[in-house]
Amino acid sequence: MEDKRRRARVQGAWAGPARAAPRPAVGPLVKSQQKVNETQNPGKFFEFKEPTEMYQRIPEPRVIDSAGIHDISTSPSGVSRLRLFPLFIETKEADWMFEQLLREVPWSQKTNAGPDGSYQEPRLTCWFGEIPYTYSRSTMQANPHWHPLLIMLKDRIEEVTGYSFNSLLCNLYRHDKDSIDWHSDDEAALSRNPVIASLSFGDTRSFQMRRKPPPEANGDFTYVERVHVPLDHGTLLIMEGATQEDWQHRVPKEYHDRRPRINLTFRTIFPEANRVTS
Ligand SMILES: O=C(O)CCC(=O)C(=O)O
């Protein structure tokens, strides 16, 4: 037993079988043996090194699912603000509205121009408004033929929020693999600090936001703040202030089955001549 204890003291763990011959003094033995082992088994011995870089934590996303005003950031561009109205449209009413929009909106698949050529959007869309809307280097032509239900919804949102809108981009996510990638609604036609009213029907999808990184991050989004908003049947989300300047958003593909979802984003488009460019 005494021999076992001695070996434990020397090496910090039980060593090999006891040897009959006496050993030299403990200190030098440890050092010289460690040296041999380090060269024979590189990487097996723990060596403390001062960290050369600051440890940076990847923040957990903030989940916003309660009614009210949520200021998600403040910067020199201003406050980025979300307003959430769960059950803005009561469920029974939302049910028939969803069915009607699914059937009667003239949905189509838009083709955009990307750096690697043209691609079809992984969702269906429809544009309503007197002014054409261009994003991802492809234009949706003016379409003044508003569906009466959409006019009714626009009026309701305007009444409650006090904002007014002249255009609407409708998105139909047919299933879990339909999505919209990271972007900001920051086209010049929307002017500065646009207010976007986003009304959802159908299956719940995760609306995800990430803050744009500071210039020194060189476009690396790893450590930026994130916000997740589950958008369910009848929920209204208003994005305002610096939200489009300071944040991006997306609706990612899902790994589990999702039934169809319709999202209506009411916006104000400014004619070319009146755009605020700063
Ligand atoms: O479907 C959504 O909730 C988001 C739609 C969107 O990001 C957009 O139309 O720009």
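Me: What makes S4 and S5 a pair?
Reply: Strand S4 (residues 111-114) and strand S5 (residues 117-120) are joined in the antiparallel sense over 4 bridges. Two strands pair if DSSP finds at least two bridges between them, so S4 and S5, with 4 bridges, count as a pair. Asn112 has Tyr119 in S5 as its bridge partner. S4 and S5 form a hairpin, with 2 residues between them. The model is predicted: local features need pLDDT of at least 70 and side-chain atom pairs count only at pLDDT 80 or more, while totals for chains, interfaces and linings use all residues. Residues are numbered from 1 along each chain as its sequence is written.

Me: How many helices and strands does the chain have, and what counts as one?
Reply: The chain has 5 helices and 16 strands.

Me: Which strands form the open sheet, and why are S2 and S6 at the edges?
Reply: The sheet has 7 strands in the order S2-S3-S14-S11-S16-S9-S6, with antiparallel pairing. Strand S2 (68-75) and strand S6 (124-129) each have a single partner strand, so one side of each is left without a neighbour in the sheet. On average, neighbouring strands of this sheet are turned by 15° against each other, direction ignored. Within the sheet, S11 (residues 196-202) pairs with S16 over 6 bridges in the antiparallel sense; Gly202 stands opposite Arg261 in S16.

Me: What lies across these strands?
Reply: Helix H3 (residues 91-104) lies across S11 and S16, at about 95° to S11. Helix H4 (residues 148-161) lies across S6, S9, S11, S14 (236-241) and S16, at about 125° to S11. Such angles run from 0 to 180 degrees between N-to-C directions, and the axes are lines fitted to C-alpha atoms, for helices over the stretch in contact. Residues are in contact if their C-beta atoms, placed from the backbone, lie within 7 Å.

Me: Why is Arg210 called partly exposed?
Reply: Arg210 has 17 C-beta neighbours inside 10 Å. A residue is buried with 20 or more other C-beta atoms within 10 Å of its own, exposed with 12 or fewer, and partly exposed in between, with C-beta atoms placed from the backbone. The count of 17 falls in between, so Arg210 is partly exposed. Arg210 lies in strand S12 (residues 205-211) and touches Phe221, Val224, Arg226, Trp247 and Gln248, not counting residues up to four places away in sequence.

Me: What makes a set of residues a nonpolar core, and how many are in the largest?
Reply: A nonpolar core is a set of buried Ala, Val, Leu, Ile, Met, Phe, Trp, Tyr and Cys residues joined through C-beta atoms within 7 Å. The largest has 39 residues, and Leu168, Cys170 and Leu237 are among those with the most contacts inside it. S9 gives the largest share of this core, 5 residues. Over the chain, buried residues make up 23% of the 278 residues.

Me: Which strands supply at least two residues of the shell around the ligand?
Reply: They are S9 (167-173), S15 (247-251) and S16 (261-267). The residues surrounding the ligand include Leu169, Asp185 and His249.

Technical notes: A residue is near a molecule or strand if its C-beta atom, placed from the backbone, lies within 6 Å of it. Two residues are in contact if their C-beta atoms, placed from the backbone, lie within 7 Å.
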